[in-house]
Amino acid sequence: SVHHGGDIPLHGRLFAQWMHHAFPRECPYPHTAGTTNPMTPDEWMAASGDNAIANVEDMSRYISAGSNNTAGPLDIEEPLALPWSMSEELID
């Protein structure tokens, strides 16, 4: 609230960013305007030359790599900081 003189604008990017960290599955990350280039899967495949659909071999390799990971949530020595950007954009 210090950023806005004691007020918390509910229709701004910073509040949406806080909502994303509080509810990451329900609230998408509010990227700063002009910093992303959203594409459909077809557009991405045309631009990258890659295929967006994994075959069985790729899926098996991904699953095997994950099952070899022995680190658990309690193995983290220090909690990671949340990514935070103070860039504000208010919606009229």
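## Burial and overall fold

Of the 92 residues in the protein chain, 10% count as buried. The model is a predicted one. The chain has an accessible surface of about 8,000 Å². Carbon and sulfur atoms own 60% of that surface.

The secondary structure comes to three helices and zero strands. Read from the N terminus, the order is α-α-α. Among contacts with a separation of 6 or more, 59% join residues 24 or more positions apart.

## Helix H1: glutamine 17

Helix H1 covers residues 13-22, and glutamine 17 is part of it. Glutamine 17 has 0% relative accessibility, so it counts as buried. The cut-off for buried is under 20% relative accessible area.

What does glutamine 17 touch, leaving out residues up to four places away in sequence? The list is Tyr29, Pro30, Pro83, Trp84 and Ser85. With Ser85 there is also a polar pairing. A polar atom of the glutamine 17 side chain lies 2.9 Å from the backbone oxygen of serine 85.

## Helix H1: histidine 20

Histidine 20 also belongs to helix H1. Its relative accessibility is 16%, and therefore histidine 20 counts as buried. Leaving out residues up to four places away in sequence, histidine 20 touches Cys27, Pro28, Tyr29 and Pro30. Tyr29 and Pro30 are also among the residues that glutamine 17 touches.

The histidine 20 side chain reaches the backbone nitrogen of tyrosine 29 at 3.5 Å. Histidine 20 and proline 30 are ten residues apart in sequence. In space, their C-alpha atoms are 7.9 Å apart.

## Glutamate 88: buried, without a salt bridge

Glutamate 88 sits in the segment after H3. This residue is buried, yet it has no salt bridge. Side chains of opposite charge can pair when their charged atoms come close. How far from glutamate 88 is the nearest side chain of opposite charge? That side chain belongs to arginine 13, and it is 5.4 Å away.

The side chain of glutamate 88 reaches the backbone nitrogen of arginine 13 at 2.8 Å.

## Helix H2

Helix H2 spans residues 41-48. How many of the eight residues of helix H2 are buried? The number is zero, so helix H2 lies largely in the open. Glycine 49 follows H2. The phi of glycine 49 is positive, near 80 degrees.

## Helix H3: salt bridges

The whole structure holds two salt bridges. One joins glutamate 57 to arginine 61, with the closest N and O atoms 3.6 Å apart. Both residues lie in helix H3. They are four residues apart, about one turn of the helix. Glutamate 57 counts as exposed because its relative accessibility is 56%. Arginine 61 has a relative accessible area of 47%, so it is partly exposed.

Arginine 61 also forms a salt bridge with aspartate 58. Here the closest N and O atoms are 2.3 Å apart. Arginine 61 and aspartate 58 both lie in helix H3, three residues apart, again about one turn of the helix. At 31% relative accessibility, aspartate 58 counts as partly exposed. Shared partners join Glu57, Asp58 and Arg61 into one salt-bridge network.

Helix H3 runs over residues 56-67 and includes isoleucine 63. Is isoleucine 63 buried or exposed? With a relative accessible area of 60%, isoleucine 63 is exposed. The cut-off for exposed is over 50%.

Isoleucine 63 is part of a nonpolar patch on the surface.

Conventions
Residues numbered from 1 in each chain as written. Predicted model: local features only at pLDDT ≥ 70, side-chain atom pairs only at ≥ 80, totals over all residues. Heavy atoms only, no water. Helix = DSSP H or I, 4+ residues; strand = E, 2+ residues; numbered from the N terminus. Buried < 20%, exposed > 50% of the residue type's maximum accessible area, 1.4 Å probe, protein only. Polar contact = N/O pair within 3.5 Å; in protein donor to acceptor, adjacent residues only side chain to side chain. Contact = heavy atoms within 4.5 Å. Patch = residues over 30% accessible without salt bridge, like charges linked within 9 Å, V, L, I, M, F, W, Y side chains within 5 Å. Areas by Shrake-Rupley, 256 points an atom, 1.4 Å probe, with all protein chains shown as cover. Salt bridge = Lys/Arg side-chain N within 4 Å of Asp/Glu carboxyl O. Lys, Arg positive; Asp, Glu negative; His and termini not counted.
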